[in-house]
Amino acid sequence: MFDHDLQTQPVEQRREEQQRRLQALIARVRDASPQHRAQLAGIDPQQVTLDNLHEIPTVGKAELREYYPLGMLCVDRSELRRIHATSGTSGRPTIVAYTEGDLEVFGRTNARVLDAAGASAGTMVHNAYGYGLFTGGLGLHQGIEHLGACTVPVSGGQTSRQVTLIRDLEPEVLLCTPSYAATISDAMAAEGIAPEANSLKVGIFGAEPWSEGMRASLEKGLGILARDIYGMCELQGPGIAFEGRHTPGHLFINEDFFYPECIDPATGQPVAEGEVGELVFTTLVKEAVPVVRYRTGDLASLQRIEDPEGRTLITMSRILGRSDDMLVIRGVNVFPSEIEAVLLGDDRVATAYTLVIDERGTMPSLIAVTEPTPQVSDVPGLLKELEGQLKERLGISCQVVLAEPGGLPRTEVGKAVRVQRWRSGENSPFPGLLT
Ligand code: DLL
């Protein structure tokens, strides 16, 4: 196991180190930037412990925006080695920066991710996460090099070239978003490459939500083991947490570098182990832009498990949703991942889908648009069955509509956009969708 001693050390021993790192972090950043000064005013680093950390105020995306671009920087500019940013749906992107030391941690934590999925020195890794300001491509690249494996730094897009490279270079590992993996899987099928005939053994997918239905579909379509990776730009990028080969559903958190808490998003109070709440992280060793108690907006639970491979790192569940992407349809909370789980659990429809919130009437209603696969013979029966399953799972009705095969947008670069709003007076978001 890569970094074996640190990944398997006794929990108490790690806790002592986390405690030391926490106090050193607070002492180091307290006066280092205007944001940290405001957040940590009056706090004595010696008094901060892992047990009372939750009394320190949190920070969130709003602060990162306020101190844009580098107002949270805690080192001299001359110490910076790289800049990354989130795409940002509107307005200013979030800028993050890395020192030499931060890049070393970036590589090391992502090497743990790759190792847990079965990669090692000598493995060839097809890296189709986007390169550039997005942290996915270069972050995992750093991990592959750290592990001593070989990178095919292809980035996203140009799917037919991706398929050619996979066929000709025979990599064992595929890295990309789950939605792009679905696009690659469809393109391989269209070229007549059977799942068992490709060289791929494992895919490490993340950067966007994906369900167990999507996992099953990717594992079947690509003939691989599909594993989850979690991260975010504000903390570092990829490499915060990862599933092991034997622990699907549980992501080990690199907690010696990223200390996790789970809080009730409404009250801010810690929730019990195993209970769902919002993840909050403190970057224990980050130098350039450290964050103390960063609210991620991501909902999950924390749990200690027995790892057959011996890791003692705490785990998080897969991301169950974001505190801000929950749809409220006629008073019912609906997470897009719930709908995905139903649609992708059915072999008769394709992995591409989009949700339309129909806001033309007095009350919004939900339409799921998907595509049939060639084996569907009874379309009305299929729609009725899917609508029944969705009603049972969501507690409200969701109409299901089929687009022409190939009619829905496929992800090529960036993250999948799964939810569209259809407002009064607008044309249907998809040709062929009922009006
Ligand atoms: O998406 C970093 C990353 C790159 C992670 C490659 C994994 C692989 P951001 O662009 O800042 O960073 O987006 C972070 O994406 O707060 C989650 O809401 C979501 N997200 C990331 N990974 C997962 C995942 C990268 N495995 C935001 N499951 C996070 C669900 C995820 N959501």
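Leu355 stands opposite Ala368, a residue of β19. In this predicted model, local features need pLDDT of at least 70 and side-chain atom pairs count only at pLDDT 80 or more, while totals for chains, interfaces and linings use all residues. Residues are numbered from 1 along each chain as its sequence is written, and side-chain values use heavy atoms, with hydrogens and water left out.

Strands β18 (residues 349-359) and β19 (residues 365-372) run antiparallel and are joined by seven bridges. Strands here are DSSP runs of E with at least two residues, helices are runs of H or I with at least four residues, and both are numbered from the N terminus. Two strands pair if DSSP finds at least two bridges between them. The open sheet has four strands in the order β20-β19-β18-β21, with mixed pairing. At its edges are β20 (398-402) and β21 (419-423), each of which pairs on one side only. On average, neighbouring strands of this sheet are turned by 30° against each other, direction ignored. The axes behind such angles are lines fitted to C-alpha atoms, for helices over the stretch in contact, and angles run from 0 to 180 degrees between N-to-C directions.

## The nine-strand sheet

Another open sheet has nine strands and mixed pairing, in the order β4-β3-β5-β6-β7-β8-β9-β14-β13. Its edges are formed by β4 (150-152) and β13 (302-303); each has a single partner strand, so one side of each is left without a neighbour in the sheet. Strands of a sheet pair through backbone hydrogen bonds, either parallel or antiparallel.

Strand β3 (residues 124-127) and strand β5 (residues 173-176) run parallel, with three bridges between them. His126 has Leu174 in β5 as its bridge partner. Helix α5 (residues 100-116) lies across β3, β5, β6 (202-206), β7 and β8, and runs at about 30° to β8. Contact here means heavy atoms within 4.5 Å.

## Around the ligand

The ligand is surrounded by 22 residues, of which the closest are Asp228, Ile229, Cys233, Asp298 and Lys415. A residue is near a molecule or strand if one of its heavy atoms lies within 4 Å of it. The shell divides into 10 nonpolar, six polar and six charged residues. In this grouping Ala, Val, Leu, Ile, Met, Phe, Trp, Tyr, Cys and Pro count as nonpolar, Asp, Glu, Lys and Arg as charged, and the others, Gly among them, as polar.

A side-chain N or O atom of Asp228 is 2.7 Å from a nitrogen atom of the ligand. Cys233 has a backbone N or O atom 2.9 Å from a ligand oxygen atom. For Asp298, an N or O atom in the side chain is 2.6 Å from an oxygen atom of the ligand. The protein covers 93% of the 620 Å² of accessible area that the ligand has on its own; accessible areas come from the Shrake-Rupley method with a 1.4 Å probe, and for residues only the protein chains shown count as cover. Two or more residues of the shell come from each of α6 (135-147), β7 (225-232) and β8 (237-243). Strand β7 gives the most, with five residues.

## Backbone features in loops

Tyr68 and Pro69 are joined by a cis peptide bond with omega of about -5°. Pro69 is in the loop between α4 (61-66) and β1 (80-85).

Gln158 is not a glycine, yet its phi is positive, at about 50°. This residue, Gln158, is in the loop between β4 and α7 (159-169). Glu170, also a residue other than glycine, has a positive phi near 55°. The loop between α7 and β5 holds Glu170.

Terms used. Polar contact = N/O pair within 3.5 Å; in protein donor to acceptor, adjacent residues only side chain to side chain.
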